[in-house]
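Please view the sequence and the model first, then read the points by topic.

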2 protein chains.
Amino acid sequence: LLGTIDAKQALLTLERAAFTSDPAQVNNMLSSLTNLTNLGANDIYRWYMSNTTPTQPTPNLTTASSNPIDANPLSYPPDIKLNLIYPCTPKHISKYSTQRFRFVTESPTIYITHIRPWILSQRTSGRLDWIFNILSGLTEQEDVILRSDWGTESGFLLLPDLNWDRKTITSLHLLALVERRDIWSLRDLKKKHIPWLRHLHEKVRNAATKVFPGQVEEDELKCYVHYHPTYYHFHVHVVHVMMEPEGGTQNVGKAWELGGLVEWLESMEGDEQKGFESVSVGYGVGEESELWKELWGEMKVGQEVTLGKSR
Amino acid sequence: LLGTIDAKQALLTLERAAFTSDPAQVNNMLSSLTNLTNLGANDIYRWYMSNTTPTQPTPNLTTASSNPIDANPLSYPPDIKLNLIYPCTPKHISKYSTQRFRFVTESPTIYITHIRPWILSQRTSGRLDWIFNILSGLTEQEDVILRSDWGTESGFLLLPDLNWDRKTITSLHLLALVERRDIWSLRDLKKKHIPWLRHLHEKVRNAATKVFPGQVEEDELKCYVHYHPTYYHFHVHVVHVMMEPEGGTQNVGKAWELGGLVEWLESMEGDEQKGFESVSVGYGVGEESELWKELWGEMKVGQEVTLGKSR
């Protein structure tokens with residue numbers, strides 16, 4: 001939803017919250033079902049739609065006009081998660097706009113000619129300063145869960161992902177931001193980085209198990225990177241293997257599993273400098289994105305690519 | 001939820017329903033938010049939990065004790081979908097039982113020693129006969145959308161996936177079953193298959209656009225394969241790039257994008273026979289699965305692997 005607060009634009013996104021597994025609350029929810037409508041039946045299978053409504057205390061005259069839930073907030077767990085971006089920029093608006101998606105294949109030539117210079121211009125224009133501020137300890141230090149191997153080539157820090165509720169273990173979602181600044185995306189990974197990546201992969205999983213000591217094992221964690229990422233400083237998503245991702249963030253064409261990338265590099269022909277700069281990478285891209293508007297969309301109709309040239 | 005109805009077992013599953021995009025109903029929902037709790041804030045980002053509760057008419061003494069929603073069911077769309085299986089079997093119960101998932105890494109040695117012989121035993125025990133019956137035209141011919149290059153090495157047929165409603169274009173989900181029977185999974189793909197895979201990839205996308213002529217373009221389609229697949233006869237999932245998958249079917253650790261596999265083979269060091277048999281593959285596996293019970297779970301505690309040996 002796009003609206004305004006004090007005349008400035010704001011984006012509000014709503015998500016259905018996870019169900020509770022607390023038996024008392026499950027009972028409350030079941031007894032609150034109303035408007036039950038049968039949609040169909042087939043042999044032993046039947047399906048329905050319904051509304052849930054918070055358990056209401058017995059109404060009486062003194063509370064009838066106030067909101068009955070407030071009297072007993074714990075009787076019914078939240079069913080909605082809201083995310084507010086305020087004030088938001090046109091870039092946020094286009095990111096969240098309903099848009100047509102395309103699946104494109106970025107060749108090494110397209111990467112070197114158009115994408116890499118565009119990423120460089122983002123890095124030099126100050127758009128990654130907020131990342132560098134976290135890394136250097138200037139901001140958001142209260143969110144940093146731990147720093148590992150800090151001050152060495154293997155340094156990384158662990159942050160909770162914005163979309164994680166910070167308490168549900170089966171939806172654990174952390175970000176590992178590496179300390180080194182020479183790797184912008186998976187495109188920069190080369191055979192020479194294999195030992196570094198293997199070490200990082202192991203350390204990140206090990207560190208993540210310490211966020212909930214004794215509650216999550218290393219073989220319950222999955223690590224992946226995005227291409228294209230939201231920001232071009234190498235970071236690894238660490239999630240619980242049972243986490244149900246939203247918005248396709250773990251889908252093929254968006255996410256690459258870290259162990260698989262290492263295996264790919266390992267099996268690659270070439271010297272130490274050989275890496276993902278030299279392969280084609282397929283991914284989904286929204287028609288409202290800068291990449292579509294100033295590159296893929298233009299290429300599709302035979303126009304000149306303007307990516308990074310309008311600024 | 002597992003319970004009983006008339007002394008027979010029944011399974012009830014609940015899902016959050018999709019949001020409506022009807023502006024009036026969105027307004028109703030927003031004005032119904034209660035128990036708004038701020039979870040955190042970071043710069044321009046803020047997130048909250050809340051309850052929705054159906055819009056209530058102004059309370060008065062005559063309606064205060066009845067359920068206010070029933071008076072105006074259309075004012076608030078359903079927020080829950082329920083699925084009932086009744087009576088259910090033990091097999092249903094184990095399928096829907098909560099199981100722990102693990103992320104495992106299948107080395108070339110584990111594949112050759114345990115997995116490959118197990119796949120072979122499945123193929124020779126008749127468990128793939130239903131696939132061969134479709135391929136040879138004995139069954140399910142009414143579902144076959146088209147056969148391409150049939151009778152050649154490039155032959156494949158196109159079927160709708162069981163989970164597709166067969167009408168919503170943005171959730172298009174087809175399966176391409178190849179005619180050749182020597183490729184059981186991505187493990188069998190080698191450098192020598194690159195021309196065949198490129199041809200298949202192109203033909204499959206082209207064929208899929210013909211299912212809805214003029215409504216879906218080739219760059220709106222994404223192709224991937226599963227590992228482990230449900231059955232060990234090579235098949236490619238073809239989906240609309242906007243399709244929102246359920247149950248992680250497009251996730252890293254389950255799905256591999258076809259174009260990416262071809263790029264990997266292309267960049268791989270070695271002769272024509274080199275391929276995915278020689279790399280480690282990471283994937284998620286449920287603890288109720290045969291693979292966990294008779295291989296990964298046993299290996300984890302140092303027991304002898306029994307996969308395929310109990311039959």
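The side chains of Arg100(A) and Glu217(B) form a salt bridge, with 3.8 Å from N to O; a salt bridge is a side-chain nitrogen of Lys or Arg within 4 Å of a carboxyl oxygen of Asp or Glu. This pair runs between chains, from Arg100(A) in the loop between α2 and β6 (101–106) of chain A to Glu217(B) in the loop between α5 and β10 (221–226) of chain B. Helices (H or I, at least four residues) and strands (E, at least two) are DSSP runs, numbered from the N terminus.

The model is predicted, so local features need pLDDT of at least 70 and side-chain atom pairs count only at pLDDT 80 or more, while totals for chains, interfaces and linings use all residues. Residues are numbered from 1 along each chain as its sequence is written, chains are lettered from A and ligands numbered from 1 in the order in which they are written, and side-chain values use heavy atoms, with hydrogens and water left out.

**Contact between the chains**

- Chain A contributes 85 residues to the contact and chain B contributes 82 residues, where contact means heavy atoms within 4.5 Å.
- About 7,700 Å² is buried between chain A and chain B, and carbon and sulfur atoms give 57% of this area. Buried area is the accessible area (1.4 Å probe) that two parts lose on being put together, summed over both.
- Of the area that chain A buries against chain B, Arg16(A), Phe103(A) and Val252(A) supply 10%, more than any other three residues.

**Salt bridges**

- Side chains of opposite charge can pair when their charged atoms come close.
- The count is 33 salt bridges over all chains, and 14 salt bridges are counted between chain A and chain B.
- Another salt bridge joins the side chains of Arg102(B) and Glu217(A), at 3.3 Å from N to O.

- Helix α6 (residues 258–267) of chain A packs with helix α6 (residues 258–267) of chain B at an angle of about 30°, and their axes are 8 Å apart. The two helices, α6(A) and α6(B), are therefore roughly parallel.
- Axes are lines fitted to C-alpha atoms, for helices over the stretch in contact, and angles run from 0 to 180 degrees between N-to-C directions. Angles under 35 degrees count as roughly parallel, over 145 as roughly antiparallel, 65 to 115 as roughly perpendicular and the rest as oblique.
- The crossing of α6(A) and α6(B) is left-handed; this term applies if the near helix is turned anticlockwise from the far one by less than a right angle, and right-handed applies if clockwise.
- Gly260(A), Glu263(A), Trp264(A) and Ser267(A) of α6(A) meet Gly260(B), Glu263(B), Trp264(B) and Ser267(B) of α6(B).
- The residues of this contact of α6(A) with α6(B) comprise 2 nonpolar, 4 polar and 2 charged. Ala, Val, Leu, Ile, Met, Phe, Trp, Tyr, Cys and Pro count as nonpolar, Asp, Glu, Lys and Arg as charged, and the others, Gly among them, as polar.

**Helix packing within chain B**

- The axes of helix α5 (residues 194–209) of chain B and α6(B) come within 10 Å and cross at roughly 160°. Helix α5(B) is therefore roughly antiparallel to α6(B), and their crossing is left-handed.
- Helix α3 (residues 108–124) of chain B and helix α7 (residues 290–300) of chain B pack at about 160°, with axes 12 Å apart. Helices α3(B) and α7(B) are therefore roughly antiparallel, and their crossing is right-handed.
- The residues in the contact of α3(B) with α7(B) divide into 7 nonpolar, 1 polar and 1 charged.

**Backbone features**

- Tyr86(A) and Pro87(A) are joined by a cis peptide bond with omega of about -5°, and Pro87(A) lies in the loop between β5 (80–85) and α2 (90–96) of chain A.
- In chain B, the peptide bond from Tyr86(B) to Pro87(B) is cis, with omega near -10°.
- Asn35(B) is not a glycine, yet has a positive phi of about 55°; Asn35(B) is placed in strand β3 (residues 34–42) of chain B.
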